[in-house]
Each structure stands twice: as structure tokens, then as C-alpha cells.
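Trainee: I would like to go through this structure with some questions.
Mentor: Go ahead; here it is.

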Amino acid sequence: MHLASGVDPHLADLSNKLIYSAMVVYTIAMFAQIFEWTFGSKGAVAVRSKEQSGNLAETVAAAGTKGGKKVTVTVAGANGGTTTLTRTALAGEGATVVTSGRGEEEVDGPGAAGTSEKADLAGRIAVSLTVLGSLLHAGGVITRGLSVSRWPWGNMYEFSCAFALAMAAAYIVLLAARKNVRWLGLPVTIAVLLTLGIATSMLYTDSDQLVPALHSPWLAIHVSTAIFCGGAFYAAFIATLLYLGKDSFDKRIAAGLTTGPLGTPASVWRRLPAASTLDKLSYRINALVFPLWTFTIIAGAIWAEAAWGKYWEWDPKETWSFITWVAYACYLHARATAGWKGRKAAYLALAAFAFWLFNFYGVNIFVTGKHSYAGI
Amino acid sequence: MSNTTTETEQPPAPDDLAAERLSSAPVESDGPTGIGAFGWARWMWRQLTSMRVALILLFLLSLAAIPGSLIPQYQNGQGQLKVEAWKAQHGTVAPIYEKLQLFDVYSSVWFSAIYILLFVSLAGCIVPRTWQFVGVLRAQPPAAPRNLTRMPVHAAWRTEADADTVNAAAHRLLRKRGFRADLSGGAVAAEKGYLREVGNLLFHLSLFALLGGFAWASLASGTGGKLMVEGEGYSNTITQLDDFNGTRFYGSDDLDPFYLKLDTFTAKFQASGSQIGAARQFTANVEYATGSDASKLKKSTIEVNHPLEIGGSKVYLIGHGFAPVVTVRNAKGEVVYSGATPFLPQDANQTSTGVVKVSDYGEKDGQRTQLGFSGFFLPTAPVSFEGTGPISLFPDDAAPELVLNAYAGDLGTDSGLPQNIYQLNMRKMTQLTQDGQPAKIRLRPGQAWDLPDGYGTVTFEGYKRWASFDVSHRPGNAIALSGAVLAILGLIGSLFVQRRRIWVRAVALPGGGTQVELAGLGRSESAKIAEELAELAVDLQDDAPASEEDDAPASEGEGEHKHEHEDDTPAPDGEEAAAGSADTEAEASDPADPAVPADQNSKE
């Protein structure tokens with residue numbers, strides 16, 4: 001049972017300090033990333049591919065000499081080119097070695113650092129700092145929960161903190177899984193800092209117990225999935241924005257211009273992954289999260305049925321969740337529809353995320369509904 | 001996607017029709033065909049069921065839902081009051097808004113039109129698709145295209161093994177990998193990932209179940225309201241409910257019979273800190289009996305997230321407040337009124353207002369008279385009302401006070417018209433005065449007030465708590481919930497399962513030896529088809545080892561491939577890069593090659 005006075009002020013205070021410390025560390029990480037982008041060099045592509053094609057040749061040669069099996073799969077490209085995928089099974093050991101190739105059009109940029117070792121070091125420092133920041137951040141979220149012995153997402157401040165943590169954690173998990181996402185570092189850190197900044201300056205609420213409407217196991221389920229979806233949609237949003245930028249950049253280069261959209265330096269765009277890679281990343285995240293977002297809404301409806309008597313009442317928050325859901329559904333359909341792919345679908349994804357943001361900030365602050373608890 | 005501009009829809013060569021259309025999505029048509037009204041009707045139907053129109057409707061639906069979240073709606077909690085207040089504030093636009101049904105967005109003509117059209121479009125698309133899919137399931141996977149090396153993903157080599165053996169091995173391996181495989185005509189055709197289309201159809205069909213659940217709920221549900229002071233009980237009939245909203249199939253005669261009594265109500269509030277006064281716990285301890293038999297009462301509690309289910313109804317705790325207990329004596333000292341009267345909270349601190357109507361006061365100075373009191377109940381009264389008026393400082397009963405004004409005259413209760421029990425009809429009432437000032441008193445529990453002009457006394461005996469409940473009968477929840485669960489399962493299937501086809505053909509070459517060709521076709525977002533094909537090929541080489549002298553694919557120039565290798569830029573993560581590249585490449589159609597199917601235009 002939640003008692004009226006069940007707050008541990010020391011833990012609550014510690015939580016605040018941890019969140020502030022995390023913000024400081026994230027800020028330093030952000031500067032390190034800016035350094036990485038600024039001083040990273042551009043002419044990286046050629047160097048890298050040379051280095052790695054060397055590796056590739058060695059692997060293939062090694063496989064060949066051991067008398068194993070080797071299969072080359074040819075994949076037809078968009079513009080008449082082809083790429084190949086070679087799979088080699090070493091005789092005796094039963095191990096398979098996969099090597100792969102890419103056509104010219106598919107070149108992903110080398111990342112923020114390019115070939116500059118100094119910039120790469122800065123990038124590595126930034127990643128370490130992001131990890132440190134997220135540990136402090138996680139400590140802040142956990143102590144906040146412990147201070148009141150409940151899930152730490154009962155109001156907008158707590159939700160924002162948890163949501164920013166989900167973003168940072170997702171980035172780190174992807175890095176740990178050896179995915180090529182280091183280039184996402186700067187936008188992620190900025191998004192995390194922005195979210196935490198808004199949370200601490202505008203949404204701060206003292207650690208406290210919850211109103212009876214929130215005493216439910218659904219708080220853990222409905223709100224935590226909403227947090228996760230929010231973090232993932234944010235990441236997809238960043239990827240979509242970068243896709244649009246990179247796509248414009250490619251078109252401008254094809255048209256003989258030398259800078260990216262809005263006069264941005266070409267070297268930044270060159271170091272980013274290919275437009276199709278960014279587009280695919282954004283699609284994958286959105287497609288992955290869409291069923292979970294559906295679940296979040298349904299879990300909310302089940303909770304609403306228990307708390308308010310109707311599972312759907314067109315409460316503003318419900319309405320905006322629905323609007324967001326429909327917008328993402330639009331995006332997923334558009335992706336599979338001729339004539340809507342690419343930029344048009346990307347604009348839909350941006351609109352959907354704008355709806356999501358409004359659902360979180362706008363509805364809580366400007367619209368009164370049944371989701372208004374404990375101030376904001 | 002960078003290839004948007006080069007995209008063209010290329011009709012496949014008749015031979016390769018089999019390879020076409022992994023998805024059974026409708027083909028978009030360009031303009032009206034045929035003649036006259038029928039042609040137009042057919043064209044309009046085609047348009048309505050086309051993906052583009054469905055997309056537009058879907059986006060319109062999300063836009064149309066917006067105004068309802070920003071303008072007060074009749075159907076929301078206390079909607080009527082909020083709408084009236086809004087109308088009073090926005091006098092000029094209110095009639096226009098009313099005309100546009102902006103206070104009733106979700107049942108408005110235009111909102112309904114959008115979702116009905118959307119569902120018609122959906123039905124027009126999904127029903128034929130379901131039949132088509134049933135046909136696909138009953139048939140064998142489409143036969144191998146003639147030239148496998150012209151498919152978007154392919155591999156080939158020469159072997160000394162016998163062609164039939166290789167085909168049989170491929171058939172066996174594909175089956176082992178969970179493919180539906182068919183060996184005929186010297187080639188193996190295989191397909192996997194049917195769950196994608198199953199999921200897709202399931203998702204869209206379950207939307208109809210959801211809609212059905214909604215519709216049934218709106219036709220056959222009813223909600224009643226009941227306010228009870230501690231110690232009171234009621235039978236769930238139309239006469240004893242405070243209010244009731246029925247529907248077509250659940251009217252006042254259909255109310256689930258039960259008896260419910262509120263024993264006690266407890267509330268806990270935050271007593272310190274910045275959220276002081278915030279509610280922390282509400283519990284209604286009740287007794288109830290199913291049916292009309294009130295003799296076998298069962299005890300239970302109702303809390304905010306824990307409604308009580310009795311019969312086919314659920315009882316929800318929705319409000320609470322205080323009911324001061326007042327005793328009124330007339331001039332002769334006879335008790336003319338005694339009881340608890342619920343006062344309605346006006347703010348978060350339970351500043352409550354209410355009235356006490358003494359209709360059986362009797363006579364005063366030979367005239368039939370009634371008394372009325374209006375006032376405030378303050379659970380935590382301030383020391384002084386100066387500057388603030390009578391307001392409560394805290395929602396719990398720390399310093400309870402009753403503030404009363406007294407009126408005498410005719411309450412109008414004898415006219416037979418129903419009256420608001422929370423308001424006095426002031427038409428024939430006059431306020432009692434004392435020393436030329438309106439008579440007014442602050443009472444603490446146990447205190448009494450000698451009314452001016454010898455009207456008798458009012459005693460504030462104490463107070464009870466009251467709780468209000470919604471009694472809700474809502475069928476169709478199970479339908480909607482099953483629809484929702486199936487929708488999620490369907491989504492998972494349609495977004496995470498990849499549907500793909502693989503063909504293997506081994507042909508004996510005229511000069512001896514066997515040519516083995518493999519080809520794969522994945523859907524647009526399919527990532528792993530190239531890798532899967534490679535794995536299959538490696539496995540197949542157990543039965544069909546590549547000829548020593550023929551390390552190279554027999555088809556297009558090996559040199560070209562080698563060359564590409566050397567220029568390649570593999571990502572650090574080989575597996576991912578392979579998946580990524582295969583994905584992008586398979587996704588694009590090659591307009592120069594008729595064997596490559598046109599863009600998979602699907603409704604997933």
C-alpha cells in the first residue's frame with residue numbers, strides 16, 4: 001500500500017544530483033562529438049575500402065587454399081549494377097566465413113571521425129562519456145523510484161528522465177551489438193540533453209506518491225512501453241531527418257552543387273551512411289516499434305476500462321495516441337506503395353513523430369484530460 | 001530510397017508471371033475503363049479500394065481526430081458542462097462549431113464518413129486478397145522462371161553430380177528449412193513466410209472485430225450514476241439510480257438486478273510537500289447482493305483501479321465528498337429535520353457546497369413555512385475567510401466547519417416538479433436577517449445556531465462521507481479485446497516475417513556435367529534472401545560439389561564479379577553489411593530486365 005508520507009528525501013535528493021551530473025557528462029560527451037565532427041576528415045572512403053578489400057581478398061584466398069566450399073551469390077542492383085555475397089565453408093572445421101561486397105552506389109560514409117585519428121579518439125571519448133552519463137542517469141532514475149518505492153514514471157518529469165534514458169541506452173546497446181551507429185552519437189546526445197533540459201527546468205516535480213488512479217500494475221506495463229516507443233520513435237525520427245538531408249545532398253551533388261542542403265558542408269554528409277541505409281534504419285525502427293505502440297495503446301485501453309469504466313473515451317491523450325498510431329500506419333503503408341516511397345513516406349514519418357511529441361508535451365501541458373495527474 | 005525517380009512499373013514477361021507478385025495486393029488502375037455508368041462505378045470502386053485512396057483516408061482520419069481533442073466534447077466526462085462553458089466564452093463561433101458537429105466529433109457525419117469509407121476500402125481490398133491467398137495456399141509454389149540467373153538474387157555453378165539427384169537434394173534441403181517446396185519439371189519451386197500474409201490479413205480483419213466490438217458497445221451498453229452516503233444502500237433500478245443513460249438494447253428495463261450498500265469510505269491525502277492535498281488512496285467498503293435478495297450480503301471494496309463486478313455490471317468509484325449531518329428544530333423544539341445531506345466538492349481541497357431543505361417545518365406565526373439553508377462544508381476551514389471567502393485548505397477533515405445562510409418561505413417542493421437537490425429555488429424564499437445583515441453562521445461539529453426571528457435551531461451534528469459510483473454495463477469488451485490481441489499478433493506476423501521464394505534448377509549440360517542454378521525473390525523489405533540463398537547453396541554443395549575447373553559461376557562474367565570485390569567497401573560487421581546490401585538491391589526493380597519483377601506494390 002502506498003502511504004501518504006512514503007518518501008525518502010535523501011534518495012530523492014540523490015536522484016536529482018545524479019540526473020544533473022548525468023547532464024554535465026552528456027554535455028561534455030556532446031562537445032567531444034562536435035569535436036569529432038569538426039576535425040574528422042572527409043577523404044576517408046577510398047582509404048578504408050582499400051584497406052578492407054585487402055582483408056577480403058585474404059579471406060577468400062585462405063578459404064580457397066583449404067579446399068572448402070565457396071558460393072557467390074549475385075544480387076542485381078537498382079541502377080544496373082550488381083553486388084555479390086560470398087559465403088565460404090572451410091573444410092574440416094565446418095565453420096562458415098561470410099564476406100560481402102557492395103556496389104558503388106551503396107557506399108556508407110565512414111562516420112564522424114573519417115580517417116582522422118584525433119577525431120576518432122574524441123569520438124571514443126564521447127562514447128565512453130555517454131556510457132558514464134547513462135550510468136549516472138540510470139542511477140538517477142532508479143533512486144527516484146526507490147525514494148517512493150514505485151515505478152519511476154508517475155509524472156512528466158519522471159517520464160522524461162526515463163524516456164531520455166531509454167534513448168541513451170538504445171544507442172549504447174546498438175553500439176555494444178557492434179552495429180554501425182556511432183555516427184548517431186551527436187544527435188542522440190542532443191536529443192537526450194534536450195529532453196532532460198526540458199524535464200529539469202520546466203517539468204520538475206518533487207518525488208512523491210501517486211494519485212489513486214495510478215495505483216495499478218498497468219503503470220509498469222503501459223507507461224514503460226510508451227517510454228520505450230518514445231525513445232525508438234525519436235531515434236527513427238533522427239534517422240529520417242538525416243535520410244532527407246542525405247538524399248537532398250545526393251541530388252545536389254548530382255546537380256553539380258558542392259554543398260548539402262541549407263549550405264551545410266559536404267564533408268558532414270559524406271561521412272554519414274548512404275541515404276538508403278538511413279531510410280532503411282528509420283523504417284526498421286518504426287516497423288519494430290509499431291506493434292509495441294499498438295500494444296501500448298491497447299494496454300492503456302485495458303487500464304482505462306479498469307480505472308474509468310470505458311476502454312475508449314476519446315480522452316485527449318487517447319486521441320493523440322490514436323492519431324500518432326494512424327500516422328505511423330500511414331507511413332508503413334506508404335513505404336509499401338509505389339509512388340509514395342522515399343521522401344513522401346519520410347515526410348509522413350516526420351508528421352507521425354510530430355504527433356507523438358505533441359501527444360507527450362502538448363497534450364500534458366495545454367489540454368486537460370484524464371491523463372492529467374500530479375500537476376503535469 | 002535513392003531510386004524513387006527511376007522507378008517504373010514494368011509488366012513482367014508472361015513466362016515469369018509466376019515470379020511476379022509475392023504479394024497479392026491489388027493492382028492500381030489508371031483511369032476509367034469500359035463504358036458509361038458501369039465503367040465509372042467500377043473505376044470509383046477501384047479508386048476507393050486503391051492503396052493511394054486508402055492512404056489518404058487514413059491520414060484524413062488522423063487529422064479529423066484532432067479537433068475533438070482540443071474542443072470540449074459532449075461525450076467526455078462532464079462534457080455537457082464543459083461544452084456549455086466553452087460556448088458561453090466563444091459566443092460568435094459556437095453556432096458554427098455546433099453546425100460542424102465540432103462538439104461531437106467522434107460521432108459526427110464527417111468523421112463517420114471517413115472511417116466508414118476507410119473500412120469499405122479495407123473490405124474491398126482485404127476480402128479479395130483473402131480469397132487470393134486461399135488460392136495460393138491450395139496451389140503449389142509458382143514454377144521456376146525460365147532463366148534463373150536473371151532473377152534479382154541468384155547463384156550458379158557446375159557440378160559432376162546427376163541433375164535429378166541435385167534437384168532432389170535441393171527439394172529435401174528446402175523442406176528441411178521450412179519451405180513449401182515442389183519438385184516438378186526438372187526444377188524446385190519453394191516458398192516460405194506465408195505467415196506474413198496471414199498476419200497481414202489477420203491484422204486487417206481484426207480491425208473489423210474491433211469495429212464490431214465498438215459498435216456493439218455503443219448499441220447495448222448503459223451507464224447509471226449513484227451517490228451514496230455512508231450507511232446508505234440502493235437497488236439497481238431506474239427509480240433508485242440518480243441518472244441513467246441507456247441505449248437501443250440496454251434500456252431502463254434491462255438493468256442488472258443487484259443491491260449495493262456503502263458501509264464506509266476512506267480517503268488518504270498527501271499531508272506535506274509540494275503536492276500537499278494530492279489524493280493518495282480512496283477505498284469504498286461496500287456490501288452487495290446479486291439479484292433482488294438483500295439478505296445475503298457479501299462484503300467487498302471498490303477502489304479507483306478496482307471496480308466491483310456484480311452480475312453483468314461493473315461498479316466504478318468515481319467521486320467522493322462530505323455530507324454534513326444537520327438537525328433542525330422548530331420554535332417549539334420539535335425535530336423537523338435530521339439527516340446527512342451530500343455537499344458537492346467545488347475544488348481539489350473539497351470546498352463543498354450544498355443545501356438543506358426543510359420541507360416539513362410546519363407553521364410559523366400561523367402560516368405554513370418551509371426553511372432552506374445553503375452553504376459550504378469546509379473539511380479544513382481557515383481561521384478567517386477574509387480575502388478568500390469560505391474555502392477549504394486541505395481535502396481531508398482536519399478542521400471541519402459548516403457555513404450556512406438561512407432562508408424561509410416556500411421551497412416549491414410541493415409543485416410536484418423534480419428539483420435539483422443541490423440548489424434552492426429562491427423564487428419564494430427570503431433570506432433571514434440579523435441586525436440588518438443576512439444571517440450567517442460558521443459551525444463546528446456539535447455546535448448549534450439559534451436562528452433569528454425565533455425560527456428555532458440548527459445543529460451541526462457531524463458529517464459522513466459519500467461516494468459516487470458509475471454502474472456500467474458494457475458488452476462487446478471481449479470482442480474488442482480479442483480483436484486487439486489478434487491485431488497485434490497479425491502486425492507482428494506482417495512486419496517481422498519475410499515472405500520469399502527460392503527456385504533451384506539442375507540441368508544436364510550437353511557436354512557432360514550439370515548446371516546448377518539458384519534464384520531467390522524476396523519482398524521489398526526482405527533483408528536476408530541473399531544470405532539464405534548462400535546458406536542453401538553451401539548445403540547443396542554437399543550433394544553437388546562444384547567442378548574443379550569451374551570455380552566460377554557459369555553465367556555472367558566471373559571477372560566482373562572479382563573486380564567488384566576488390567573495389568568493395570564492406571562494413572565492419574560482415575553479417576549486417578551483407579544483409580543490408582542484399583536488402584537494398586533486391587528491393588529495386590531493374591527496368592532493363594524483364595525477368596525482374598516490377599516493384600512489389602503491396603498493402604502491408
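Trainee: Is Pro324(B) buried or exposed?
Mentor: In this predicted model, Pro324(B) has 27 C-beta neighbours inside 10 Å. A residue is buried if 20 or more other C-beta atoms lie within that distance. Pro324(B) therefore counts as buried.

Trainee: Which strand holds Pro324(B), and which residues does Pro324(B) touch?
Mentor: Pro324(B) has its place in strand β11 of chain B, residues 313-329. Leaving out residues up to four places away in sequence, the residues touched are Ala340(B), Thr341(B), Phe343(B), Phe377(B), Leu402(B), Phe460(B) and Tyr463(B).

Trainee: How are α1(A) and α5(A) oriented to each other?
Mentor: Helix α1 (residues 9-39) and helix α5 (residues 185-202) of chain A pack with their axes 9 Å apart, at an angle of about 150°. Angles over 145 degrees count as roughly antiparallel. So α1(A) is roughly antiparallel to α5(A).

Trainee: How many residues of the contact of α1(A) with α5(A) are nonpolar, polar and charged?
Mentor: The α1(A) side includes Ile19(A), Met23(A) and Trp37(A), and the α5(A) side includes Leu186(A), Leu193(A) and Thr200(A). The residues of this contact divide into 12 nonpolar, five polar and no charged.

Trainee: What should the 20 residues of helix α9 of chain A span, and how many of them are buried?
Mentor: At 1.5 Å a residue, α9(A), residues 316-335, should span 28 Å, and its end C-alpha atoms are 28 Å apart, which agrees. The helix is mostly covered, the buried residues being 17 of its 20.

Note on methods. Residues numbered from 1 in each chain as written. Chains lettered and ligands numbered in written order. Predicted model: local features only at pLDDT ≥ 70, side-chain atom pairs only at ≥ 80, totals over all residues. Helix = DSSP H or I, 4+ residues; strand = E, 2+ residues; numbered from the N terminus. Expected span 1.5 Å × (residues − 1). Buried ≥ 20, exposed ≤ 12 C-beta atoms within 10 Å, placed from the backbone. Axes fitted to C-alpha atoms, helices over the stretch in contact; angles between N-to-C directions. Parallel < 35°, antiparallel > 145°, perpendicular 65-115°, else oblique. Contact = placed C-beta atoms within 7 Å. Nonpolar A, V, L, I, M, F, W, Y, C, P; charged D, E, K, R; others polar.
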